[in-house]
Amino acid sequence: MGNAFLLFKILHIFGVVIFLGNIIITGWWKVMADRTGNASVIAFAQRQVTLTDFVFTAGGATLLLAAGISDAAIAHMDIWGTSWLEWGSGLFIASGVIWVTVLIPLQIVQARMARRFAAGGAIPARYWLLGKLWVGFGTLATVLPLFNLYWMVVRPN
């Protein structure tokens, strides 16, 4: 396997760090910003949540996916025939589906709303409702990759 395998393994782990780090920290900062009730703080945080998800969550996910598939190919592993790779891939895909179908659309709507109240306008009740949905689905989409971390490290059969 050699150097290429190790290079892709390093890139895969780096992608995991960027991906997991961002989804955990972004959730934390958004919740903390929302708790202030300060329209300008919330609007700033909401813009950053959307930006960091596109840059770091998507970037980390792309890197970990590409490097992981490359490593599996180099090692001649069957992704859908090896139980720990199958579970890990399934959890990763499930989390991605939640991000793409629920969280990103919610963030975009909240970011548009935040632009309107950024200058000190009233924060509409719909923003808070969408925020609760974002936290609920965001928690699920964060827990799934944490289970994935278990499968990738322990590799149970």
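**Reading the helices and their packing**

Visitor: How far apart are the end C-alpha atoms of H2, and what span should its 36 residues have?

Guide: Start with the terms. Helices (H or I, at least four residues) and strands (E, at least two) are DSSP runs, numbered from the N terminus. A helix's expected span is 1.5 Å times one less than its number of residues. For H2, 36 residues at 1.5 Å a residue should span 52 Å, and the end C-alpha atoms lie 51 Å apart, which agrees. This is a predicted model: local features need pLDDT of at least 70, side-chain atom pairs count only at pLDDT 80 or more, and totals for chains, interfaces and linings use all residues. Residues are numbered from 1 along each chain as its sequence is written, and side-chain values use heavy atoms, with hydrogens and water left out.

Visitor: Where does H2 bend?

Guide: A bend at a residue is the angle between two fitted axes, one for the seven residues ending there and one for the seven starting there. H2 bends at Asp-53, by about 40 degrees. Just after H2, His-76 has a positive phi of about 55 degrees.

Visitor: Which residues of H1 are buried?

Guide: Buried means under 20% relative accessible area, exposed over 50%, and partly exposed in between (1.4 Å probe, protein chains only). In H1 the buried residues include Phe-5, His-12, Phe-19 and Lys-30. Contact means heavy atoms within 4.5 Å. The buried residues of H1 pack against H2, H3 and H4. H1 is followed by Gly-37, with a positive phi near 75 degrees.

Visitor: What does His-12 contact?

Guide: His-12 sits in helix H1. Setting aside neighbours within four places in sequence, His-12 is in contact with Leu-64, Ala-67 and Gly-68. A polar contact is a pair of N or O atoms within 3.5 Å; within protein, one must be able to donate a hydrogen and the other to accept it, and residues adjacent in sequence count only if both atoms are side-chain atoms. Here a polar atom of the His-12 side chain lies 2.7 Å from the backbone oxygen of Leu-64.

Visitor: Which residues touch the most other members of the largest nonpolar core?

Guide: A nonpolar core is a set of buried Ala, Val, Leu, Ile, Met, Phe, Trp, Tyr and Cys residues joined through side-chain atoms within 4.5 Å. The largest one has 27 residues, and Phe-19, Leu-103, Phe-117, Ile-123 and Tyr-127 touch the most other members. Helices H1 (2-36), H2 (39-74), H3 (83-117) and H4 (125-154) each give two or more residues to this core. H3 gives the most, with 11 residues. Leaving out residues up to four places away in sequence, Leu-103 touches Ile-98, Trp-134, Phe-137, Gly-138 and Ala-141.

Visitor: How many aromatic pairs are there?

Guide: A pair of aromatic rings is described by the distance of the centres and the angle of the planes. Rings of Phe, Tyr and Trp (its six-membered ring) pair if their centres lie within 6.5 Å; planes under 30 degrees apart count as stacked, over 60 as edge-to-face and the rest as tilted. By this rule there are five aromatic pairs. The rings of Trp-87 and Trp-151 have centres 5.2 Å apart and planes at 5 degrees, so this pair is stacked. Trp-87 lies in helix H3 and Trp-151 in helix H4, so the pair ties together parts 64 residues apart in sequence.

Visitor: Are Trp-87 and Trp-151 buried or partly exposed?

Guide: Trp-87 is partly exposed, at 47% relative accessible area, whereas Trp-151 is buried, at 18%.
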